[in-house]
Amino acid sequence: MREEDSILLECLEDVYHTFEKALKKAQLVRSIHVQNFERLLVELRSERRVFEDISIPARLIVEQLLESQFKVGQVALEAERFKQGFTSVSLVKVEEFGIICVKLGELEISWRDGNYSYYLYPDKVELRATDEKSSIKLFFSISFNRQTLERFPEILISPNVVYIHPQLEKWIRKV
């Protein structure tokens, strides 16, 4: 784990414990706001799982999806016989056991990180089930950038990465 990851995790832990303590006090109050506090606590757990529960390539994809969400990028999807055109990213979360959930417009899709292999291209990723019976393709309107890729050199030796486009590989290797 990189130093910056440790710092972010420590910050998340601080916020989580403070929020958990405050929520115990709030449980005495009958208010819709208490439910909203509980939802925020669930979101904090999801954020922590990004650092602790998923592989490096899955984390790269999650960060790219978050980048699309916050920079008003769009993502398209192909899965089996289903196609979703470019739309906004409404939600990205990581649940228990490395299950990654993404909401694109009104469509929600999820996959378990450990059950997929990754194929990385400049503006898309393909996730193939390890049994090769299903796949998911995510197309990004905001391509991967050099700065993001340079933060993930471990991708080059990750066992669940099958293919990396040569341009991405150059950026990761800082050539």
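Mentor: Let's start with the ground rules, then go through the sheet and the helices beside it.

This is a predicted model, in which local features need pLDDT of at least 70 and side-chain atom pairs count only at pLDDT 80 or more, while totals for chains, interfaces and linings use all residues. Residues are numbered from 1 along each chain as its sequence is written, and side-chain values use heavy atoms, leaving out hydrogens and water.

The protein chain has 5 helices and 8 strands; helices (H or I, at least four residues) and strands (E, at least two) are DSSP runs, numbered from the N terminus. Along the sequence they follow the pattern α-α-α-β-β-β-β-β-β-β-α-β-α.

Now to the sheet. 8 strands form an open sheet with mixed pairing, in the order β4-β3-β2-β1-β7-β6-β5-β8. At its edges are β4 (107-112) and β8 (161-164), each of which pairs on one side only. From one strand to the next, the twist averages 30 degrees. Two strands pair if DSSP finds at least two bridges between them. In general, strands of a sheet pair through backbone hydrogen bonds, either parallel or antiparallel. Let's zoom in on one pair: β1 (residues 74-79) and β7 (residues 135-140) are antiparallel over 5 bridges. There, E78 has K137 in β7 as its bridge partner.

Next, look at what lies across the strands. Helix α3 (residues 56-70) lies across β1 through β8, among them β2 (82-95), and runs at about 110 degrees to β2. Such angles run from 0 to 180 degrees between N-to-C directions, with axes fitted to C-alpha atoms, for helices over the stretch in contact.

Helix α2 joins the picture too, as its buried residues pack against α1 (3-26), α3 and β2; contact here means heavy atoms within 4.5 Å. The buried residues of α2 include V34, L41, L44 and F51, where buried means under 20% relative accessible area, exposed over 50% and partly exposed in between (1.4 Å probe, protein chains only). The 21 residues of α2 (residues 32-52) should span 30 Å at 1.5 Å a residue, and the end C-alpha atoms are 31 Å apart, which agrees; the expected span is 1.5 Å times one less than the number of residues.

By contrast, C11 counts as partly exposed, at 41%.
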